[in-house]
Protein chains: 2
Amino acid sequence: MNDMTDSSWLRRPVPAACLDALRAVVGDRLSTAQAVREHHGHDESPYPDVLPDAVIFARTTEEVAAVARICNEHRVPIVAYGAGSSLEGHLLPVQGGITLDFSGMNAVLAVHAEDFTATVQAGVTRKQLNEHLRDSGLFFPVDPGADASLGGMAATRASGTNAVRYGTMRENVLSLTVVTADGRVLRTARRAPKSSAGYDLTRIFVGSEGTLGIITEVTVKLYPQPEAVSAAVCNFPTLGDAVDSVIEIMQAGVPIARVEFMDEHAVRSVNRYSKLELRETPLLLFEFHGSAAGVQEQAASVQAIVHDHGGMDFEWANRPEDRSRLWAARHNAYFAGLQLRPGCRASTTDVCVPISALADCVRETARDLADAPFPTTIVGHVGDGNFHVLMLLDPDSQEEWDISERINHDLVRRAIAADGTCTGEHGVGLHKMGFLLEEHGEDALALMRSLKHAFDPNNILNPGKIFAW
Amino acid sequence: MNDMTDSSWLRRPVPAACLDALRAVVGDRLSTAQAVREHHGHDESPYPDVLPDAVIFARTTEEVAAVARICNEHRVPIVAYGAGSSLEGHLLPVQGGITLDFSGMNAVLAVHAEDFTATVQAGVTRKQLNEHLRDSGLFFPVDPGADASLGGMAATRASGTNAVRYGTMRENVLSLTVVTADGRVLRTARRAPKSSAGYDLTRIFVGSEGTLGIITEVTVKLYPQPEAVSAAVCNFPTLGDAVDSVIEIMQAGVPIARVEFMDEHAVRSVNRYSKLELRETPLLLFEFHGSAAGVQEQAASVQAIVHDHGGMDFEWANRPEDRSRLWAARHNAYFAGLQLRPGCRASTTDVCVPISALADCVRETARDLADAPFPTTIVGHVGDGNFHVLMLLDPDSQEEWDISERINHDLVRRAIAADGTCTGEHGVGLHKMGFLLEEHGEDALALMRSLKHAFDPNNILNPGKIFAW
């Protein structure tokens, strides 16, 4: 599809002595079987497969530390692998080496309900954690579309539909256990709600995409399950009306929990995939959290605002099962989109802009998409200024890939011109690397590189990501 | 008082060529006058004065960059100086060199009301910013006791009474303009509400206490002024009852805006200093933000909880002028404490613990204080698990200093044993340096050091802080 992962020339040798040393630590949980390597050779990005030389199924932090020491000695790359749901190629071992699979490190280690914190192994997924919390009166809000692992979510600074109210992984990770490139184990912070005790190691690793250290445990913030929850769908005549409504809602200070946008194509895909009967116009999905009275008050404020922007009547989803169905449909929008064109590969955009620039940015993008020779959908966490275009490409068509890349480039330039970012929540991986210079400038990028050099001098941690190096 | 700042042997030479080169850039805004050096030779910490060799009154980011280039070439230390309100000795130039005074860089550069952001020069103070915002319907919530500069607040990861609802500087700084040790200028992030585009440079500099770069501009988040605000005071028979109430309020998920604790000694000092007539028992100060109905609902929930813990009736402060008077009194608690013993110097503790450990931690500390031979007060942002002991010492008594240090050490050990931190919001400075090893461990501290080496290889940025080096 493109040559970014035609990187066979970049692969580093994995000496037999290294594999022997690793086997001495992990035994038969090191696999070089073709099927296992293939399973770990792709993610949800549009790139062709790139296989690791071997896969290790990790069990403990100490074991990960031993693996790091051995790989560091032999200069062999390590890629940490959670649920495999990256959209940007993070998990492709472009320089070969070892993929460390965390699916077996999936224990919930502690829930401190009084302190609103949970500590989990990095392989625990967000749904697993919330299932574990179900009877505690608490929940963990960060919800990317996929059922990602908490380690992967921390590594990509993930967010999702709840971020407008509860923040992203940046705000919701309290502490991490990290293995360094040379195999030391450290905790980045203690469990106090805030601290000014030195550099913010936690946030250095959150969003570092496995390039600065290997996250083995995650302590996150939890929240009380709201006393009352209600959700509603509101259709709009145009995309601009929907986006303008959101801007006004935010400015009115309504403490809305979720507000998600879908264009008519996204609605159509979701209707088909999730057997819903939503009206196929641009729409907003709202969710309100609070006391019973508070939720009513929020809903009334929002209804008044959307009415002024041509919004139609709210369709309420008040029963928990109806709400779950609606949000499951939203979370599956990526997979629903894929079904619009069987056999396709999806390329995803992820810009995020200051909210004052959002309406123009979405409108201009929609104009670009009108001419595209492939199906597209737009969905967005518009309360955060973040939206995604899903472009459903013929995997064999270089022309479609080139057009999609041009659309993405134009979109990113538009976002950066508006003081926005090329990636609001998916991360850089391979796909957004080319934009970092434009977004951050040479001096900021040089500082990021000096941090990478300081933390991983042999460049063994997910090499070739964030920076091509 | 102690020998931590008897550091004359550490002072580095400031060559005449360096001063000449600096004068060529800033002209007569470089001063070596004794009075100016003395003014910049102390902060609100208990340490004796340490004078810089010269003071530069900065005007622009570019000028700061030129100063950094010259100082870096000559290996001359630079200390950035905002409002001078550090409690921990951050501002003392223990290795000599240049103090960069930011009081002249006090322009509000932009308010983007639609995006809820403001960009200011580093010398703008929190009160100045809120005065500027008064008619915009927005406000900036982070409020350490002093009227600190935004640059200093970012550098120490400050918080204050609103943090329980609105977060600290960690959550509220969106982007910084930073001058590096070698005089490059960079922006750490764009104005998008969230981003996953590479390492989190913003949060690397937030809390770095001037040791990694010089903050010259700060972009912060703003919030809508709440539709309704009400404040109340509630007295309790014991300190434990007050703290237990807060824990239950947090667990009930009441979205309280502020909840501040004072022990009876703090109340007495505040009554005297601010001419109030609060009942002199342990008390909580509450503030509720929201819609009119929401505020009533929050207050009713809180009243029910405090009643169960022996709390007396609420005394309301609903008129804006009464509320302002109450909160001004709370913000002046440090200065009020000083007046309990004229001529004293204060030593302040700043532990923060998981909220489940708060009641025991405060109770045990109060027992230690009962035997102290000097006056003390306890105040706390108890919704965050953070509280301060103010110890009012005879500046000429080594014995009192030693006792106060022992109390602080015992308190920090208690906090660390409870998975807490030695500093919730004041920062490390000189006073908390000795605890970092115990709090973070050798490996985490080594990583912090490697970051410092990477960003400031000549150790010219506020040297001798965070790490003794």
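Analyst: Contact here means heavy atoms within 4.5 Å. Note that this is a predicted model.

User: With that cut-off, which residues does Ser450(B) touch, not counting residues up to four places away in sequence?
Analyst: Ser450(B) sits in helix α17 of chain B, residues 442-455. Its contacts beyond four places in sequence are with chain A. They are Ala454(A) and Phe455(A).

User: Is Ser450(B) buried or exposed?
Analyst: The cut-off for buried is under 20% relative accessible area. Ser450(B) has 19%, so the residue counts as buried.

User: Which backbone oxygen lies 2.8 Å from a polar atom of the Ser450(B) side chain?
Analyst: A polar contact needs N or O atoms within 3.5 Å. The 2.8 Å distance meets that cut-off. The oxygen belongs to Leu447(B).

User: How are the two copies related?
Analyst: Chain A can be laid on chain B with an RMSD of 0.0 Å. That takes a turn of 180° and a shift of 0.0 Å along the axis. The copies are thus related as by a two-fold rotation axis.

User: What share of the interface residues of chain A are also interface residues in chain B?
Analyst: The copies meet through the same surface.

User: Which strands stand at the edges of the open sheet in chain B?
Analyst: The sheet has 7 strands, in the order β15-β12-β14-β13-β17-β18-β16, with antiparallel pairing. An edge strand has a single partner, so one of its sides is left without a neighbour in the sheet. The edge strands are β15 (315-317) and β16 (345-348).

User: By how much are neighbouring strands of this sheet turned against each other on average?
Analyst: Direction is ignored for this value. The average is 20°.

User: What is the bridge partner of Arg258(B) in β14(B)?
Analyst: Strand β13 (residues 258-262) runs antiparallel to β14 (residues 283-290) in chain B. The two are joined by 5 bridges. Arg258(B) is paired there with Glu287(B).

User: Which helix packs on the sheet and touches β17 and β18 of chain B?
Analyst: Its direction makes about 10° with that of β18(B). The helix spans residues 358-370 of chain B. This is α14.

User: Which chain B residues are among those that touch the most other members of the largest nonpolar core?
Analyst: That core has 194 residues. Nonpolar side chains tend to be buried together in soluble globular proteins. Phe286(B), for its part, is in contact with residues including Ile249(B), Phe314(B) and Trp327(B).

Conventions
Residues are numbered from 1 along each chain as its sequence is written. Chains are lettered from A and ligands numbered from 1 in the order in which they are written. This is a predicted model: local features need pLDDT of at least 70, side-chain atom pairs count only at pLDDT 80 or more; totals for chains, interfaces and linings use all residues. Side-chain values use heavy atoms; hydrogens and water are left out. Two strands pair if DSSP finds at least two bridges between them. Helices (H or I, at least four residues) and strands (E, at least two) are DSSP runs, numbered from the N terminus. Axes are lines fitted to C-alpha atoms, for helices over the stretch in contact, and angles run from 0 to 180 degrees between N-to-C directions. Copies are superposed by least squares on the C-alpha atoms of residues with pLDDT of at least 70 in both. A nonpolar core is a set of buried Ala, Val, Leu, Ile, Met, Phe, Trp, Tyr and Cys residues joined through side-chain atoms within 4.5 Å. Buried means under 20% relative accessible area, exposed over 50%, partly exposed in between (1.4 Å probe, protein chains only). A polar contact is a pair of N or O atoms within 3.5 Å; within protein, one must be able to donate a hydrogen and the other to accept it, and residues adjacent in sequence count only if both atoms are side-chain atoms.
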